[in-house]
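Hello,

Here is the structure I promised to pass on to you.

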Amino acid sequence: MIELILEAQCTACGECVTICPSNVFDGGPGGVPVLARQQDCQTCFLCELYCETDALFVHPDATATHDLTAIDVATGDYRRDSGWGSWAEDAQYRNEHWRMGDVFALARSRT
Amino acid sequence: MNEGGLHHHQSDILVIGGGLSGCWAALTAARAGARVLLLEKGYCGTSGVAAPAGPGHWWVPPLPGAREEAVKARLDKAQGLGEATWMHRIMARTWQTLPDIGRHYQYEPDDSGRIRLNALRGPEYLRALRTYCLAAGVQILDHSPVFGLLRDKAGRVAGAYGVHFQGALGPYRAQAGAVILATGGCAFQSRLLGAANNTGDGHLMAAQAGAQFSGMEFSSIFSIVPHNTTMSRAMIYSFARYLDNAGQEIAPDAEGQSFLGVARALAQGRVLCDLSAAPETVRAQLPLISPNVMLPFRRQGIDPFQERFPIDLVGEGTIRGVGGIRLKGENWQTGVPGLYATGDVASRESVTGPISGGGAVNAAWALSSGCLAAEAALAEGHVSTGELEPFTDNEACSNGQNGSDSREKTIRKQIQAVMLDAPTQLSRNAGNLRAARNALENCHDSLTYSAPGGSWRQRQQRRETQALLAVARWCTASALERTETLGMHRREDAITKASDVPAYHVISSGLEHVQSRREAVHA
Ligand SMILES: Cc1cc2nc3c(=O)[nH]c(=O)nc-3n(C[C@H](O)[C@H](O)[C@H](O)COP(=O)(O)OP(=O)(O)OC[C@H]3O[C@@H](n4cnc5c(N)ncnc54)[C@H](O)[C@@H]3O)c2cc1C
Ligand code: SF4
Ligand code: SF4
């Protein structure tokens with residue numbers, strides 16, 4: 001479940017408010033969004049991709065909140081590993097989704 | 001146009017749902033020159049089950065014999081419910097159209113420099129579809145769930161109504177020459193990744209307009225997630241072993257019996273997953289193949305390859321199940337004039353048979369059904385003018401007593417207790433199905449007679465609960481109707497074998513009273 005908005009990193013761009021498929025955030029350009037409907041979060045992690053400054057942290061536990069604070073969390077790994085946004089030019093994080101078929105085939109060949 | 005607080009929209013084609021199928025439908029219609037409005041409950045680009053996943057598409061080149069062979073293999077698995085023509089059509093259309101996405105999706109070449117066109121990462125794919133739709137002139141309205149369909153004087157579906165929760169706030173009516181319903185399958189709000197918006201709303205709207213359902217018994221399928229998480233991505237679990245609370249390995253299920261052993265062990269206590277058999281190369285590649293799969297582990301301090309971790313099963317309902325709106329025409333018509341149903345909201349029996357189409361067939365179906373239905377709707381060329389009205393009037397009585405939120409939550413929990421109970425869903429019998437039916441009928445009795453008052457948000461939630469319940473009732477009635485085991489539908493009390501009776505579909509329908517019947521597969 002969405003756990004934190006790191007105010008120090010948030011540029012108040014409003015992107016998360018727009019793109020969250022569960023309409024969890026309130027607010028908009030000009031202010032740090034608020035978690036208005038935290039319990040509606042579907043734990044899809046996608047807001048993390050769309051936040052260019054890695055100001056969001058989604059906890060993988062979809063069933064509860066965890067009272068974490070900024071010092072407890074490291075953000076940005078999903079966006080980095082996806083080669084998303086500012087990581088797009090980094091060859092280290094090239095999209096290798098195409099390997100999926102080969103991995104399934106490998107698994108089948110072992111059983 | 002805004003009149004008395006009600007927003008009006010007008011288009012040639014209205015698409016409801018902006019996931020994989022709705023995007024391809026909208027894009028196709030807009031590129032053909034039509035005015036297209038796409039209404040999405042969440043956000044077109046992140047909503048729907050494909051967005052957080054990575055759909056591979058059924059991908060068979062038009063080489064001599066290749067498609068015939070693929071169709072033959074699938075027909076064998078489809079056990080009498082498959083139809084070669086439909087399979088050929090979705091394969092051909094996917095092959096023809098999918099590469100178009102390369103204008104907005106950045107494919108990366110594989111180790112041999114080849115582009116594998118069929119495999120796309122979900123977030124990038126859906127973002128590309130949105131960009132492409134906008135470039136083609138589709139009007140997208142996000143955070144605007146549709147509540148129900150509208151009909152014209154002749155009874156033809158000619159629009160929909162709902163509420164904008166962002167942008168132009170408040171209720172709207174959208175009028176169109178034809179409506180394409182692409183609201184996805186229904187997983188009863190299990191923790192299936194990306195499925196929270198897939199509450200069966202489209203099924204409910206279609207039923208109110210008179211549509212029927214087929215194959216709803218094929219809705220009993222579950223996947224593995226790390227405990228309490230949503231990460232239902234399958235690839236890494238193809239190397240998994242599972243151990244029960246006592247440390248005993250759970251024997252892999254016989255074919256078709258997916259995860260029954262795990263389900264029964266989970267009913268007794270914890271089940272641990274062991275991924276130590278995953279090859280080193282795969283471990284290293286995983287974050288760049290599916291970057292979200294490692295998040296639950298990394299963020300909870302688990303090394304999934306060195307230590308065993310607890311798992312849950314999450315229900316997939318009709319998403320990686322099969323059933324949905326029964327199609328009545330070769331271009332995804334529903335039998336209700338003006339209404340088409342594409343993607344997971346429609347029954348996919350003709351291309352999957354009684355086993356899941358997840359992994360390749362479903363995405364090809366979502367894409368090609370969207371494209372072909374859009375073309376058929378345009379060819380109809382219907383223009384809607386004049387007054388529209390809803391199919392049911394229970395939306396009109398907004399002054400009624402407020403449905404209490406807590407009772408509503410209780411009803412949702414009761415629906416889930418039935419539909420997401422893996423041991424009984426994976427091993428059905430007349431007894432547990434009748435108990436399920438009774439529990440759901442009790443929910444129905446306490447839900448129907450409360451008028452939809454309250455805030456727009458409460459009314460939306462009420463619609464969702466009604467939809468979840470309706471889908472659950474059709475699934476259960478259909479499962480009672482099919483007394484043999486077939487594909488994912490397992491009847492432990494079966495007396496006859498499916499192969500001993502002529503193939504049939506189970507057709508279900510009705511909202512006040514649910515009906516089910518068998519219909520022989522036409523030869
Ligand atoms: C984890 C996972 C992995 C998968 N992997 C594969 C794969 O590798 N290959 C494959 O073939 N298939 C795969 N599938 C299946 C595939 O993703 C689906 O078949 C496909 O996404 C269906 O498209 P759709 O548009 O019908 O539904 P969805 O993509 O679910 O979209 C439905 C949309 O309708 C919207 N909606 C719902 N109700 C309303 C309403 N009332 N008003 C407005 N909008 C509404 C939703 O918000 C959503 O955006 C996978 C599924 C899952 C869950
Ligand atoms: S996307 Fe990130 S930076 Fe933008 S408003 Fe949301 S949290 Fe702040
Ligand atoms: S994880 Fe998904 S549902 Fe939750 S806040 Fe982020 S985008 Fe919204």
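How much accessible surface does chain A come to, and what share of it belongs to carbon and sulfur atoms? The accessible surface of chain A is about 5,000 Å², and carbon and sulfur atoms hold 51% of it. Accessible areas come from the Shrake-Rupley method with a 1.4 Å probe, and for residues only the protein chains shown count as cover.

Some ground rules before the rest. This is a predicted model, in which local features need pLDDT of at least 70 and side-chain atom pairs count only at pLDDT 80 or more, while totals for chains, interfaces and linings use all residues. Residues are numbered from 1 along each chain as its sequence is written, chains are lettered from A and ligands numbered from 1 in the order in which they are written, and side-chain values use heavy atoms, leaving out hydrogens and water.

Chain A

Chain A has four helices and four strands (DSSP runs numbered from the N terminus: helices are H or I with at least four residues, strands are E with at least two). Along the sequence they come in the pattern β-α-β-β-α-β-α-α. The C-alpha trace spans about 50 × 35 × 25 Å along its principal axes. Of the 111 residues in chain A, 53% count as buried (under 20% relative accessible area, with exposed being over 50% and partly exposed in between, using a 1.4 Å probe and protein chains only). Looking at contacts in chain A (heavy atoms within 4.5 Å) between residues at least 6 apart in sequence, 51% join residues at least 24 apart.

A:A12 has a positive phi of about 60°, although it is not a glycine. A:A12 sits in the loop between β1 (2–5) and α1 (15–19) of chain A, and it is buried, because its relative accessible area is 14%.

Chain B

Chain B comes to 14 helices and 17 strands. With 523 residues, a compact globule would have a radius of gyration near 24 Å, and the 22 Å of chain B agrees with that (taken over C-alpha atoms, the globule rule being 2.2 Å times the number of residues to the power 0.38). In chain B, 60% of the 523 residues count as buried.

Two of its residues are worth a look. B:W332 lies in the loop between β13 (324–325) and β14 (339–341); it has a positive phi of about 65° although it is not a glycine, and its relative accessible area of 0% makes it buried. B:H57, in the loop between β3 (36–39) and α2 (66–78), is buried too, with a relative accessible area of 2%. Leaving aside residues up to four places away in sequence, B:H57 touches residues including B:T94, B:N118, B:Y125 and B:L367.

Where the chains meet

In all, 54 residues of chain B are in contact with 43 residues of chain A. The two chains bury about 4,400 Å² between them, 57% of it on carbon and sulfur atoms (the accessible area, 1.4 Å probe, that two parts lose on being put together, summed over both). B:T46, B:L288 and B:R299 supply 16% of the area that chain B buries against chain A, more than any other three residues.

Best wishes
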